[in-house]
Amino acid sequence: MRIEKNISLKKHNTFGIDAKAKFFCEITSINELKNALRRNDYPDKFILSGGSNMLITKDIEALVLYINIKGKEILEEDDDHVYFKIMAGEVWHDMVLWCLDHDFGGLENMSLIPGYTGTAPIQNIGAYGVELKDSFVSCEAMNIADQSIRSFSKDDCNFGYRDSYFKNEGKGKYIITSVTFKLTKRNHKLNTSYGAIEDELERKGIKSPTIKDISNAVVAIRQSKLPDPKELGNGGSFFKNPVLSKSEFDLFRAKYPEAKYFKVSDDELKIPAGWLIEECGFKGKRFGDAGVHKDQALVLVNYGNATGAEIIDLAQKIIEIVFNTFGIKIAPEVNIIK
Ligand code: EPU
């Protein structure tokens with residue numbers, strides 16, 4: 001185990017924030033993780049994965065454990081399904097492509113989501129009508145306090161919209177080491193209900209799409225409106241879409257009949273924060289090196305040398321103006337490291 005000192009985290013977070021780790025250690029196996037957590041000479045530890053859903057606002061005065069444990073394994077299969085286990089440090093999109101190469105279905109709508117597989121369950125990642133929980137079977141996680149490994153079933157994870165046990169009662173207690181999915185080998189359940197996918201398939205003249213066609217459509221849609229973190233620092237959606245009760249929604253809808261919405265349950269509706277932010281005039285606006293993306297107002301961007309604090313200032317301004325305009329409080333989706 002090699003511990004480095006004063007390492008820049010710029011290339012370890014998709015926002016491209018140039019903060020430093022006082023100590024940094026790359027973890028490539030479960031055993032290394034166990035040993036690192038037991039190091040009492042570095043009492044403070046900070047867990048880092050793909051860095052795609054975090055905003056670092058200051059240097060990290062701790063031992064940063066960069067979880068880069070690789071590997072994948074088919075646990076079980078029959079003619080219809082495969083149970084597939086993947087280690088936490090595998091890049092999510094590479095795993096999705098691997099599944100498509102093997103004609104394993106279920107993850108295609110979540111193509112091109114940045115980040116590593118191990119952190120995907122924490123916020124139950126989702127895109128274009130599908131969420132991680134739809135294919136999730138279980139995950140294994142190391143208890144930070146005693147380094148034991150525990151298996152979590154889907155029920156244990158208590159998944160919700162961009163939410164799970166790991167963001168609530170389990171917060172800061174576990175490090176996910178692997179995830180197991182149940183994927184289809186035939187009779188794939190295609191999900192093309194999201195309007196943008198339908199439009200993209202129609203544009204290409206595809207009438208009976210394969211899972212690969214759906215993935216390609218999602219990649220095209222994402223590339224058309226979401227900035228590539230390699231070119232423009234960002235953390236994907238900066239805010240969650242607010243969920244309104246039916247009565248709150250009815251009042252909102254009466255005033256703004258043109259706004260899009262999605263049904264969450266019989267008495268809850270979700271409205272696009274991107275639309276609220278755009279209506280407030282923020283889309284494409286730049287404040288120093290911090291800005292609001294020109295094609296998707298839900299995404300805040302770093303034009304080069306923005307600090308975490310500058311991005312937070314912009315986020316706060318947006319939250320305030322959206323609230324003053326619509327009476328709706330939007331909340332960050334990214335993990336803010338203070
Ligand atoms: N919209 C606007 N202006 C904008 C952005 C969006 O009016 O600047 C409107 C769109 O016209 C559309 C609606 O808002 O009618 C929804 O937009 P979009 O399909 O882009 O999705 P979203 O609700 O803004 C969510 C996820 C994304 C995911 C997409 C597609 C959240 C917080 N975000 O965004 O996830 O890719 O749906 O499923 O739920 C992420 O989590 O990092 C992420 C990118």
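What follows is a short chat about a pocket, some rings and one glutamate in a predicted model.

Biologist: What should I know about the model before we start?
Modeller: This is a predicted model, so local features need pLDDT of at least 70, side-chain atom pairs count only at pLDDT 80 or more, and totals for chains, interfaces and linings use all residues. Residues are numbered from 1 along each chain as its sequence is written, and side-chain values use heavy atoms, with hydrogens and water left out.

Biologist: How much space lies in the second largest pocket?
Modeller: About 910 Å³. A pocket here is an open set of points on a 1 Å grid over the protein atoms alone, where a 1.4 Å probe fits, with protein on both sides within 12 Å along at least five of seven lines. The volume is the space filled by probe spheres set on the points.

Biologist: Which residues lie nearest its centre?
Modeller: Thr14, Pro114, Asp228, Pro229 and Lys230, out of 34 lining residues. Lining means an atom within 4 Å of a point. The elements giving two or more residues are α2 (92-101), α5 (211-225) and β13 (233-237). β13 gives the most, with three. Helices (H or I, at least four residues) and strands (E, at least two) are DSSP runs, numbered from the N terminus.

Biologist: Switching to rings. How many aromatic pairs are there?
Modeller: The whole structure has 25. Rings of Phe, Tyr and Trp (its six-membered ring) pair if their centres lie within 6.5 Å; planes under 30 degrees apart are stacked, over 60 edge-to-face, the rest tilted. One of the pairs is Phe282 with Phe287, tilted, at 6.4 Å centre to centre and 50° between the planes.

Biologist: Is Phe282 buried or exposed?
Modeller: Phe282 counts as buried because its relative accessibility is 5%. Phe287 is at 31%, so it counts as partly exposed. Buried means under 20% relative accessible area, exposed over 50%, partly exposed in between (1.4 Å probe, protein chains only).

Biologist: And which rings link into a cluster?
Modeller: Phe152, Tyr165, Phe166 and Tyr174, through ring pairs.

Biologist: Last one. Where is Glu333?
Modeller: Glu333 sits in the loop between α8 (308-326) and β20 (335-337). Glu333 counts as buried because its relative accessibility is 7%.

Biologist: What is Glu333 in contact with?
Modeller: Leaving aside neighbours within four places in sequence, its contacts (heavy atoms within 4.5 Å) include Arg162, Lys167 and Lys240.
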